[in-house]
2 protein chains.
Amino acid sequence: MNALETLGARAKQASRTLMTASTETKNRALAAAAQALLEAQDAILAENAKDLAKAREVGMASSMLDRLALDPGRLAGMAKGLLEVAELPDPVGVTLSEVVRPNGLRVRKVSVPMGVIAVIFEARPNVSADAAALCLKSGNAVILRGGKEAVRSNAAIVNAMRGAVERAGLPADCICLVEDTSRESARALMRLNDYVDVLIPRGGAGLIHTVVANATVPVIETGVGNCHIYIDRDADLAMAADIVYNAKTSRVSVCNAAESLLVHEAVAEAALPAVYKRLAEKQVTLYGDARAQEILPGIEKADESDWGREYLDYKMSVKVVGSLDEAVAHIAKYSSGHSDCIVTENAAAAERFLNEVDSAAVYWNASTRFTDGGCFGFGAEIGISTQKLHARGPLGLPQLTSFKYQIYGDGQVR
Amino acid sequence: MNALETLGARAKQASRTLMTASTETKNRALAAAAQALLEAQDAILAENAKDLAKAREVGMASSMLDRLALDPGRLAGMAKGLLEVAELPDPVGVTLSEVVRPNGLRVRKVSVPMGVIAVIFEARPNVSADAAALCLKSGNAVILRGGKEAVRSNAAIVNAMRGAVERAGLPADCICLVEDTSRESARALMRLNDYVDVLIPRGGAGLIHTVVANATVPVIETGVGNCHIYIDRDADLAMAADIVYNAKTSRVSVCNAAESLLVHEAVAEAALPAVYKRLAEKQVTLYGDARAQEILPGIEKADESDWGREYLDYKMSVKVVGSLDEAVAHIAKYSSGHSDCIVTENAAAAERFLNEVDSAAVYWNASTRFTDGGCFGFGAEIGISTQKLHARGPLGLPQLTSFKYQIYGDGQVR
């Protein structure tokens, strides 16, 4: 066995204990881990400082440095997050259905942990604590594989949490960290079928595509959001401008930010200037089709690649469409299936949009920024799924479980 | 676009219509397809005869020829199967949950079709009708890719069904067949991410492994069953012999047949001869560990590879274990996660087994042969999932759906 296989085997072994651990034990471990993060503050910040020094050395952009940096406030936030996960209901052991068959067999469907969840993530070290907490509460061992930029920070965080988990009476290997941050180790983790039950990549489009192309373990794709707002001919244009402004500019770097604006031609001449005025407050650059450029002569020209683009920036593509059908067809072609919105006062148009747009979250008259575990009332989440298998939208605790059938007989044969 | 991409695009396009089709329309299409299979009987049987002639020419084994062969009775059975699927409840459009958030947003979780389901299967041509019916009822377009042995039979069946679907007012491309049965076409289908939402391989371990190793589309693994029966120290030995006999011999070629027997050492000397006597009625060959060979001197010696083997034959591995823990650990190591059973009168032992054995179906005092959509009360199924993502156990209609969130607002921004 190589080092990664050994790690996988240890995580699998730990998962067998964690699988049947009581809610109380898991919550005790989470509380202990929160405490441990605070107690290890100096050590964690010292390791984070080394990561930051190295990142500055190699010229990391300041926005990336900000994601990487920890301070006492952020660490306290991470610890608080662990306690919040402890407060959430235990998703394991829930009877999902139960029937007694004519032959007397009792067939019970019950929620169970996945087993071992691998999480590949990028620069933010807080993900290691968040992901470990959600996996632990849902009875899953976790194999964390963070970016090389945060390797020391992640090691210090995981080290503190492992000790706490062990003191709470669970195997330390419930939380494992792959410290080898080479590309090879990531690829090997994607193919560790003997030990990994599901892999969740958390990061940008590049990471997601690499995982989809290379993984042989089951994957939940997350996070690529090319989200659309469609302003219908029957839209309240003031509401439309508010929603576009919020969905585009309230936080540009997140997957539920809007990236593309579609406007019905009947209202384009009124709607586009109103929207553009709001977006100009934040210096948003628009990339428009020919009709949008006629109405807003100052904007850039969109090319084909703009329609599929997740800018994650103060940029937005804009297109004038002739009908609801054209909007739906455009979204079918270019959306990443994350979140799309119609602004309209016409209920029939809204229902069509809600039914025909095939995305995880489809909105009528609200900002796409609400696609989030907290906003949906699920509590913390480990990401937003954009695939249709298993889970779609915010991945909260119930989405980190599977189920099994327990069948009670008294000697039945077939 | 190559031919397969064109097919994929057509299926995707059809899926958009089918996605919002009414239950009535889908049922009408299923009834029309059942009728069409009967009306096309002569054409289908003629094409099947050509497949059979070619199969005999290349020396196909008689058990395989039997799987391939159609006759008026089997065709009537297929038609009846379509009508039975029409009778099942529509799994699409079910409100799974609905909450109103403090800000007034109404978040509704509703079941929706997957989109396009690809099914790769082997010799049995009836799979094409069964799979198409389940996909159609669940609102999914299907891309069927059967084995080369059945290519003419499948084409005739699909041709009849496509015409019927179209007459019922749905696009014929709701049911697509890949007529290129080369290995390359199968591999390309496994990577058709732009058009395939989920791939379900139906076949033996070789096919499943090829799919898992090569697919980039989401996959539901099915069907490999290395199922165990554990006879506990507190077992009713007569019941144990009945269950082992049934699970091993009632149909050896299926995935829910038992392949491995574990016996507690405290009862091995009484249990093994009793079980062996029953199995000998069907000339079952046992492959035992050293202790089993001492008790049953006539049996074969098991080697390491026997423990993981899915014989699909009148063969069974047998091992004497020292404890329930050892049985659970052995199953953890070798089970394919399909179906495993404990025979015991001890409720505490049974509960431990039901909770600690991590398989899709875990039985207490009943034959593993019950892992089946019909036996569980789900109606028809498209296979038995042995993975934990999305669906586990029998894949009935609800397992062929995903869900989406429809969010109703009145201008909410974040």
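**View 1. Buried residues of helix H6 of chain B in the predicted model.** B:Val127, B:Ser128, B:Ala129, B:Ala131, B:Ala132, B:Ala133, B:Leu134, B:Cys135, B:Leu136 and B:Lys137 are the buried positions of H6(B). The helix is thus mostly covered, with 10 of 12 residues buried. H6(B) comprises residues 126-137 and reaches 17 Å from its first C-alpha to its last, close to the 16 Å expected at 1.5 Å a residue. Just after the helix, B:Gly139 adopts a positive phi of about 80°.

**View 2. The open four-stranded sheet of chain B.** The 4 strands follow the order E5-E4-E3-E6, and their pairing is parallel. Strand E5 (175-177) and strand E6 (198-202) form the edges, each pairing on one side only. On average, neighbouring strands are turned by 20° against each other, direction ignored.

**View 3. Pairing of strands E3 and E4 of chain B.** Strand E3 (residues 116-121) runs parallel to strand E4 (residues 141-145), to which 5 bridges join it. Within this pair, B:Ala118 has B:Ile143 of E4(B) as its bridge partner.

**View 4. Helices H7 and H9 lying across strands of chain B.** Helix H7 (residues 151-167) lies across E3, E4 and E5, running at about 155° to E5(B). Helix H9 (residues 205-214) lies across E3 and E6, and runs at about 155° to E6(B).

**View 5. The annotated span of chain A.** In an unreviewed entry, UniProt lists residues 9-284 of chain A as "domain: Aldehyde dehydrogenase". The end C-alpha atoms of this span lie 50 Å apart, and the span is 51% helix and 16% strand.

Terms used: Residues numbered from 1 in each chain as written. Chains lettered and ligands numbered in written order. Predicted model: local features only at pLDDT ≥ 70, side-chain atom pairs only at ≥ 80, totals over all residues. Heavy atoms only, no water. UniProt positions renumbered as here; feature names shortened; annotations may be inferred. Helix = DSSP H or I, 4+ residues; strand = E, 2+ residues; numbered from the N terminus. Pairing = 2+ DSSP bridges. Axes fitted to C-alpha atoms, helices over the stretch in contact; angles between N-to-C directions. Contact = heavy atoms within 4.5 Å. Expected span 1.5 Å × (residues − 1). Buried < 20%, exposed > 50% of the residue type's maximum accessible area, 1.4 Å probe, protein only.
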